[in-house]
Amino acid sequence: MKMTEKDISNRITQLRLQKNVSEYKMSLALGHSKGYIQSISSGRTMPSLGEFLAICEYLEVTPKQFFDDGSKNPALTQKIVESVSKLSEKDQRLVLEVSERLGKE
């Protein structure tokens with residue numbers, strides 16, 4: 001599936017809302033004017049590659065996760081993966097078993 005500029009704008013908005021942050025706050029946090037993210041969200045402009053990577057970092061997603069629109073909350077998924085990776089193998093298997101069981105319900 002081809003991703004359009006509108007899809008990119010919408011994905012930034014979706015992930016920003018999941019993070020519960022305003023366009024204004026995100027713009028300033030990225031070192032831009034208060035309307036920077038709004039101009040991306042409205043489709044008036046697209047970020048450069050460097051800015052896109054900064055946006056991903058701010059939203060706590062990898063570029064791969066950004067483009068995986070099948071993931072409902074990639075930042076949360078990433079935190080879960082990082083947390084589980086620190087567990088022993090036995091505990092990881094237990095987490096997997098619980099996750100699979102919950103997924104069936």
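Predicted model: local features only at pLDDT ≥ 70, side-chain atom pairs only at ≥ 80, totals over all residues.
F67 counts as partly exposed because its relative accessibility is 42%, which falls between the 20% and 50% limits. The structure holds 3 aromatic pairs.

## The nonpolar core

F66 is one of the residues with the most contacts inside the largest nonpolar core, which has 17 residues; the others with the most contacts are I12, M26, I37, I55, L59 and V61. At least two residues of this core come from each of α1, α3 and α4. The helix that gives the most is α4, with 5 residues. In soluble globular proteins, nonpolar side chains tend to be buried together.

Setting aside residues up to four places away in sequence, L59 touches I12, L15, R16, K19, M26 and A75.

## Helix α1

Helix α1 covers residues 5-18. Just after α1, N20 takes a positive phi of about 60°.

The structure holds 5 salt bridges. In one of them, the side chains of E60 and K19 meet at 2.8 Å, N to O. This pair links distant parts of the chain, with E60 in the loop between α4 and α5 and K19 in the loop between α1 and α2, 41 residues apart. E60 is partly exposed, at a relative accessible area of 36%, and K19 is partly exposed at 31% relative accessibility. K19 also lies over the face of Y58, at 5.2 Å from the ring centre.

E60 forms a salt bridge with K79 too, the closest N and O atoms being 3.7 Å apart. K79 lies in helix α6 and E60 in the loop between α4 and α5, so the contact ties together parts that are 19 residues apart in sequence. K79 counts as partly exposed, at 46% relative accessibility. K19, E60 and K79 are linked in a network of salt bridges.

R93 and E89 form a salt bridge in which the closest N and O atoms are 2.6 Å apart. Both residues lie in helix α7 (residues 89-104), 4 residues apart, about one turn of the helix. R93 counts as exposed at 55% relative accessibility, and E89 counts as exposed at 52%.

## E51 in helix α4

E51 lies in helix α4 and is partly exposed, with a relative accessible area of 22%. Leaving aside neighbours within four places in sequence, E51 is in contact with H32 and Y36. E51 and S71 are 20 residues apart in sequence, and their C-alpha atoms are 22 Å apart in space.

Technical notes:
Residues numbered from 1 in each chain as written. Heavy atoms only, no water. Expected span 1.5 Å × (residues − 1). Core = buried A, V, L, I, M, F, W, Y, C linked by side-chain atoms within 4.5 Å. Buried < 20%, exposed > 50% of the residue type's maximum accessible area, 1.4 Å probe, protein only. Contact = heavy atoms within 4.5 Å. Phe/Tyr/Trp six-rings, centres within 6.5 Å; stacked < 30°, edge-to-face > 60°. Lys NZ or Arg CZ within 6 Å of the ring centre and 35° of its normal. Salt bridge = Lys/Arg side-chain N within 4 Å of Asp/Glu carboxyl O.
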